[in-house]
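Please keep the sequence and the 3D view at hand while reading.

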Amino acid sequence: MNTNVCQSNKASSLEPSGQKAKQQDESVGFSNRTVMPPPSDIVKVAIEWPGANAQLIEMDQKRPLSSIIREVCDGWSLSGSEQFALRYADGPQLYITEQSRGEIKNGTILRLAISPARAARQLLERIQSHGIDARLEALKELAKLSADPTFAAEFIKMEGIGTLARLVESGTHFGEMLAFTLTAFLELMDHGIVSWDLISLSFIKQIAGYVNQPMVDVSILQRSLAILESMVLNSHSLYHRVAQEITVGQLIGHLSNQEIQTYAIALINALFLKAPEDRRQEDYTNLLDQHLTEMASTLAQKHLRSIILNHVIRGNRPIKAEMAHQLYVLQVLTFNLLEERMMTKMDPNDQAQRDIIFELRRIAFDGENDPTGTEKRKAMYTKDYKMLGFTNHVNPAMDFTQTPPGMLALDNMLYLAKVHQDTYIRIVLENSSREDKHECPFGRCAIELTRMLCEILQVGELPNEGCNDYHPMFFTHDRAWEEFFCVCIQLLNKTWKEMRATAEDFNKVMQVVREQITRALAMKPSSLDQLKNKLRGLNYSEILRLRQSERMNQDDFQSPPIIELRERIQPEILELIKQQRLNRLCEGSCFRKLGNRRRQEKFWFCRLSLNHKVLHYGDLDESPQGEVPFELLSDKIPVSDIKSVVTGKDCPHMKEKSALKQNKEVLELAFSVLYDPDETLNFVAPNKYEYCIWTDGLCALLGREMGSDLTRSDLDTLISMEMKLRLLDLENITIPEAPPPVPKEPSSYNFTYNYS
């Protein structure tokens, strides 16, 4: 109670002079005078200093920051204002500079602190002191401050990174002290001020030693893996050095530890991702070819796959977004090993390659490998190749000269013929016994199917930043790609029979098969057996039913009365969708901050006030499990200040990242709120659904049309349901195209009923 009184008295004593003048004007009869809002370059803030009452000041953004700091220091009788700086009191507590001061909002709480240069100098002295406790506290504080770019620049200027590197190389730091040292080093390097190429070989060996040693503290192992990942991703020369110290086989052992799984897979992905690019460098060609071959075989071996399957995918912890992304990246990079074969044309003059086609023919028609029998059948080769379904019956090697799929299609066919020989023979002989017009050409189908699977799984493309679309079933088999092909070629043969297709229907059949496969993959089957079950349910009849159901809104209800009813219902449905979007904004969403390192995720939360007048947002330490209270969101934007909402490449934060290769998917999920005075709040939605919800909701707040794909889908679904409900009584009744004609006027109106 006393506290409230003190706060009230303090507020009245510090009341701005403009407010007192207004009260005086009203007392002498000027109550009708318009009160002008404060200028946009004036922000009201509170500034704290330990052991003193906070100062409430109006900060003029046009004044030099040094002048404001001097005035604040004078208020507390502090000398040497050049030795002080302002920092945020909440959140990351970053230093305020002339460049970042524009982000200060009204009501922000700041803190007077020693300047970045002075703090860097003091910490550098303390971490080199002989006292262990003092050094530990200094390193702990350094690990926290290193995330600040202003402090980092000063610390690096004083050769601080070299000092930290020498501490690590000395091998005298252990436990918490080493963990804080590695954290500070990683944070400082992440600012991009110093090139990774300057890192010494002894430092790399020391970090690699922590990864290879048993029984190392988890926090040290996490940071060591993260440092190695950054080295590989940021330096071509360091990739060569790290590859000599760390192999994928050594990293497999860390995948069973749930605390470091993500870091280990991230490093595997980094080594894998950089190897193909670096192969073109002459100096490292032999070494990298050897390393890439090792990685290709390692990624295919059962041990790595089973570890990931049993300890990660089927582990007792839910898979978080970062792990899902790393699994997706690993899946993409694994499939990208197929790119070389996919883009390799068959050489019709290469006898070894021609022998593979001979082997396909032999398995299908000869049974036993009898050289004498083969000579006798040479005249029948053309007939056999036609029965195998090749387009070129005389020289089937010509069918594999188009890329994609190139030689990859032949590899798939040979795998089917050798591993699933009974299935292969059944498909070939079954079609060869059909009428010519209904036979399913196995060779042509296998080649086109391989091309289709490469498109669906995006073989040869770089992973998309932010994408988590991995398929668990591809981690359940050592030859997942080939087995996937075998399942799909049987599906194609089955669909061909269900459609009673002829050669003219080839493209139609392939379209149906593509739809069957994409619909089944969207269900995320956990194994190849589950995939078979999903595809069994998606037969041709079911695809037709789904297509008819999806086309209902396009093909049905096209008569004028129904169209008029639809137009009357639409505004009600749009209002319903609008309310749903706004309610969803009031619940709020968590967004991930894009940085240089995905492994250290930072989150922020945004939600709309219940009266739809203010957007509240703020940083979070981790992804929330539910709704975040307004009290924890320190920043806000009045809806009335919002000028527009922009998306995709028009967003300011996307223009900065336009040079990155992996931004395609991020670009599709990006949007920004532009608000007065010339400021932006940048978003990257976690998925397409959240992107649609937020862009629709923000457009609704601004009174603009909601134009997302989700709105169109919801509108069609809800209108269709509403119309069906309203037309239930008219079921099986034909609705006329035009209203019934008005009958002609009677010739006489002299018709009455005589009651007498």
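Pro 405 lies in the loop between H20 and H21, and in this predicted model the peptide bond that leads from Pro 404 to Pro 405 is cis, with omega near 15°. Pro 404 is likewise found in the loop between H20 and helix H21 (407-419), and the peptide bond from Thr 403 to Pro 404 is cis as well, with omega near -20°.

Gln 93 has a positive phi of about 55° although it is not a glycine, and Gln 93 sits in the loop between strand S3 (84-88) and strand S4 (109-114). Gln 458 also has a positive phi, near 55°, and is a residue other than glycine; its place is the loop between H23 and H24. Are these two residues buried or exposed, or something in between? Gln 93 counts as buried, because its relative accessibility of 15% falls under the 20% limit, whereas Gln 458, with a relative accessible area of 33%, is partly exposed.

Side chains of opposite charge can pair when their charged atoms come close.

| Residue | Partner | Closest N and O atoms |
|---|---|---|
| Arg 361 | Asp 384 | 3.1 Å |
| Glu 448 | Arg 451 | 3.1 Å |
| Lys 524 | Asp 469 | 2.5 Å |

Consider Arg 361 and Asp 384, which form a salt bridge with their closest N and O atoms 3.1 Å apart. This pair links distant parts of the chain, since Arg 361 belongs to helix H18 (residues 351-365) and Asp 384 to helix H20 (residues 381-387), 23 residues apart. Arg 361 is buried, with a relative accessible area of 2%, and Asp 384 counts as buried at 2% relative accessibility.

Glu 448 counts as partly exposed at 26% relative accessibility, while Arg 451, at 16% relative accessibility, counts as buried.

Lys 524 and Asp 469 form a salt bridge in which the closest N and O atoms are 2.5 Å apart. Lys 524 lies in the loop between helix H25 (506-522) and helix H26 (528-537), and Asp 469 in the loop between H23 and helix H24 (480-498), so the pair ties together parts that are 55 residues apart in sequence. Lys 524 is partly exposed, with a relative accessible area of 33%, and Asp 469 counts as partly exposed at 35% relative accessibility.

Key
Residues numbered from 1 in each chain as written. Predicted model: local features only at pLDDT ≥ 70, side-chain atom pairs only at ≥ 80, totals over all residues. Heavy atoms only, no water. Salt bridge = Lys/Arg side-chain N within 4 Å of Asp/Glu carboxyl O. Helix = DSSP H or I, 4+ residues; strand = E, 2+ residues; numbered from the N terminus. Buried < 20%, exposed > 50% of the residue type's maximum accessible area, 1.4 Å probe, protein only.
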